[in-house]
There are 2 protein chains.
Amino acid sequence: MDRTAVEGALVARGLRLTRQRRAVLAVVLDSSSQLSALQVYDSVRTVLPEVGLTTVYRTLALLEEIGAVRRVHGDEACESVVPAAAAHGHSVVCDTCGLVEEFTACDISPIAAAAASETGYAITDHFLQLTGTCAACISDAGEKAVG
Amino acid sequence: MDRTAVEGALVARGLRLTRQRRAVLAVVLDSSSQLSALQVYDSVRTVLPEVGLTTVYRTLALLEEIGAVRRVHGDEACESVVPAAAAHGHSVVCDTCGLVEEFTACDISPIAAAAASETGYAITDHFLQLTGTCAACISDAGEKAVG
DNA sequence: GTGCGTGCAAATTCTTTGCAATGCA
DNA sequence: TGCATTGCAAAGAATTTGCACGCAC
């Protein structure tokens, strides 16, 4: 979801486009890593120093509600958010630099079917998150090994 | 991992089997739903009233470390734990009653390959969690619909 | 002008830490 | 007996709430 789409979604709900919301939105959508509420707060304050932490929390909750951001699950930082580009996408987190990308080629139907037969559940939803090493970090590691 | 295996893993590390650890272990392994630290605490106190919350936190961290419990990711309760039966398994959470089961038939290699080609990452790990309706709740719903 | 949204500060909740006492191996 | 482990209490961190003011519409 890009900036225009998010702003459209807010307006469509009868919500207001305030400076604070624009600033939070800009920070989150520009980020290529996962951000905690406090990190978003710090970042927003560099461009809008008078913003309140409360507003950041409320705005992040709002953005999550309309599907503009997604939460990622880490060993510790479970409440961090990443921008959500696609309506249904999953995050791939780099274990070296923290870069987060999204992939959409997600067909878990064979897995859902296997899980259904193993447990008897009717599967309705899933949460999938991959961890790995991003192209840049792979390349860095290669250069270090060579040099 | 059953009780014996967990206790063996603790002993193998030179750790002690205290009353508190046994009690926490019993509560967690007996549970068929996800439990937060505070829920575990409450439950343990019914059989061991003098236990401290601190001990519950420390024991849960320990159990997670040895792979006896797994964390589940929910919209809110991100720190809840479920017993981990298999070394590599995933949780299936019932959206009606909260029952959690585990399935092991997890072959995400096609998805990992697709994600790798889409993002350029070298995938090393994954976190997958399914949501659905358990057999009992499906059956209940059917009965209600009929009755 | 109306009322949603904001910022402050306080309250609340969850989790961790320091330390003396306890009890398992 | 020795030392890991415990429980208390206090600290710490993160998040939420109440309320008067300001600003988007």
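**Contacts with DNA and the protein core**

Among the atoms of DNA strand D within 4 Å of the protein, 66% are part of sugar or phosphate, and the rest are part of bases. For DNA strand C, sugar or phosphate accounts for 62% of the atoms within 4 Å of the protein, with the rest in bases. The model is predicted.

**DNA strand D**

- DNA strand D is surrounded by 18 residues, of which Tyr57(A), Gln20(B), Arg21(B), Thr55(B) and Arg58(B) are the closest.
- Helix 4 of chain A, helix 2 (19-30) of chain B and helix 4 of chain B each give two or more residues to the surface near DNA strand D.
- The side chain of Thr54(B) has an N or O atom 3.3 Å from a base nitrogen of DNA strand D.
- Sorted by class, the surface near DNA strand D contains six nonpolar, six polar and six charged residues.

**DNA strand C**

- The 18 residues around DNA strand C include Arg16(A), Gln20(A), Thr55(A), Arg16(B) and Tyr57(B), which come nearest.
- An N or O atom in the side chain of Thr18(A) is 2.9 Å from a phosphate oxygen of DNA strand C, whereas Glu50(A) places a backbone N or O atom 3.2 Å from a phosphate oxygen.
- Arg58(A) has a side-chain N or O atom 3.1 Å from a base nitrogen of DNA strand C.
- At least two residues of the surface near DNA strand C come from each of helix 2 (19-30) of chain A, helix 4 (53-65) of chain A and helix 4 (53-65) of chain B.

**Strand pairing**

- Strand 5 (residues 122-133) of chain A pairs in the parallel sense with strand 3 (residues 90-94) of chain A over four bridges; Gly132(A) is the bridge partner of Cys94(A).
- Strand 5 of chain A also runs antiparallel to strand 5 (residues 122-133) of chain B, and eleven bridges join the two. Here Ile123(A) stands opposite Gly132(B).

**Nonpolar core**

- The largest nonpolar core has 26 residues, and Phe103(A) and Phe103(B) touch the most other members.
- Strand 3, helix 5 (109-119) and strand 5 of both chain A and chain B give two or more residues to this core.
- Beyond its neighbours within four places in sequence, Phe103(B) contacts residues including Ile111(A), Ala115(A), Val92(B), Leu128(B) and Leu130(B).

How values were computed:
Residues are numbered from 1 along each chain as its sequence is written. Chains are lettered from A and ligands numbered from 1 in the order in which they are written. This is a predicted model: local features need pLDDT of at least 70, side-chain atom pairs count only at pLDDT 80 or more; totals for chains, interfaces and linings use all residues. Side-chain values use heavy atoms; hydrogens and water are left out. Two strands pair if DSSP finds at least two bridges between them. A residue is near a molecule or strand if one of its heavy atoms lies within 4 Å of it. A polar contact is a pair of N or O atoms within 3.5 Å; within protein, one must be able to donate a hydrogen and the other to accept it, and residues adjacent in sequence count only if both atoms are side-chain atoms. A nonpolar core is a set of buried Ala, Val, Leu, Ile, Met, Phe, Trp, Tyr and Cys residues joined through side-chain atoms within 4.5 Å. Buried means under 20% relative accessible area, exposed over 50%, partly exposed in between (1.4 Å probe, protein chains only). Contact means heavy atoms within 4.5 Å. Ala, Val, Leu, Ile, Met, Phe, Trp, Tyr, Cys and Pro count as nonpolar, Asp, Glu, Lys and Arg as charged, and the others, Gly among them, as polar.
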